[in-house]
Amino acid sequence: MRNIPTDLLRTFLAVIDLKGHTRAAEQLGRTQPAISLQMKKLQELLEVTLFAKDAPAQPTEAGEIVATYARQMIALHDEMVLRLSKRDGKGKIRLGIPNDYADHFLPKLIPRLKASGHDFTFEVVCDLSHVLLQGLRNGLYDIVVAMTPDGPAEGAFMTWKEPLTWVGDVSGGLATASGEHLRIVCYPEGCLYRRAMLTSLQREGRGFDLVYTSPSLAGLEAAVGSGFGNTVLAKRIVPPKLSVIDASLNLPRLSDVVVGIYLSADKKRSPVAESFAAFFADAFLSD
């Protein structure tokens, strides 16, 4: 009897959902040739053609059948692993995540976990991405959500590009004329938002003053919301009390960052970490 590995099915679904091998490779933190080899292996195991000849990411009729079963199989696999974690006492997840991502996503994720019947114990640490990735390498975390500037770091479970945006208070009263110094509110040194912001300003020769630094999103929100300065955040997690600065003000263009979910390679990693990471990824990508 042929055995179909779930990692091949996950990759297959990523290819058809993202409509391309390259996009799937970027999201899964792998190379495009590696994705192609996985799809070749899956087709050999199933003895069917999964993709149309004239559209490499378009599933054939057989591919549609495989996709339907693959979604059910993966869902059942993850459900089994997560539910068993409650019985053997190994449902503890050590999670490292940037402060603003924790504030935005965890309040949405926890109710979804509760509603699905999963009962985890969490240890959550918020810090700068490069600190979290180092902690992952040192075995301090099971899962880390982290930003990188130029591409995914080693060990990515899934990655995606996150656009950045300039953020100000809702009144828009802070002066941002091109001849004036921009008042900057930011996270401490080492933050990629800060790096992207200052790099873009220096690239265009725009003057600025660092007027406020805080390690917490609440601190940045208070300073920006009171009109004390401007900052940069990921576009989709801008707090409701703040607003995206209008493009007509001609602030420097910002580069995207790469956000990834990373799994520890440590043998002591929680046995439910991979299944939880898949659940976590769905929450991020469906937001």
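This is a predicted model: local features need pLDDT of at least 70, side-chain atom pairs count only at pLDDT 80 or more; totals for chains, interfaces and linings use all residues.
Arg 236 sits in the loop between strand 10 (231-234) and strand 11 (242-244), while Glu 162 belongs to strand 6, so the pair ties together parts that are 74 residues apart in sequence. Glu 162, for its part, has a relative accessible area of 3% and is buried.

In total, the structure holds two salt bridges. The other one links Asp 142 and Arg 94, with 3.1 Å between the closest N and O atoms. Here Asp 142 comes from the loop between helix 6 (129-137) and strand 5, and Arg 94 from strand 3, so this pair ties together parts that are 48 residues apart in sequence. Both Asp 142 and Arg 94 are buried.

Five strands make up an open sheet with mixed pairing, in the order 4-3-5-12-6. Strand 4 (121-126) and strand 6 (156-162) stand at the edges and have a single partner strand each, so one side of each is left without a neighbour in the sheet. On average, and ignoring direction, neighbouring strands of this sheet are turned by 15 degrees against each other.

If we look at strand 3 (residues 92-97), we find that it runs parallel to strand 4 and is joined to it by six bridges; Ile 93, for instance, has Phe 122 in strand 4 as its bridge partner. Finally, helix 5 (residues 99-115) lies across strands 3, 4, 5, 6 and 12, running at about 165 degrees to strand 4.

Key:
Residues are numbered from 1 along each chain as its sequence is written. Side-chain values use heavy atoms; hydrogens and water are left out. Two strands pair if DSSP finds at least two bridges between them. Helices (H or I, at least four residues) and strands (E, at least two) are DSSP runs, numbered from the N terminus. Axes are lines fitted to C-alpha atoms, for helices over the stretch in contact, and angles run from 0 to 180 degrees between N-to-C directions. Contact means heavy atoms within 4.5 Å. A salt bridge is a side-chain nitrogen of Lys or Arg within 4 Å of a carboxyl oxygen of Asp or Glu. Buried means under 20% relative accessible area, exposed over 50%, partly exposed in between (1.4 Å probe, protein chains only).
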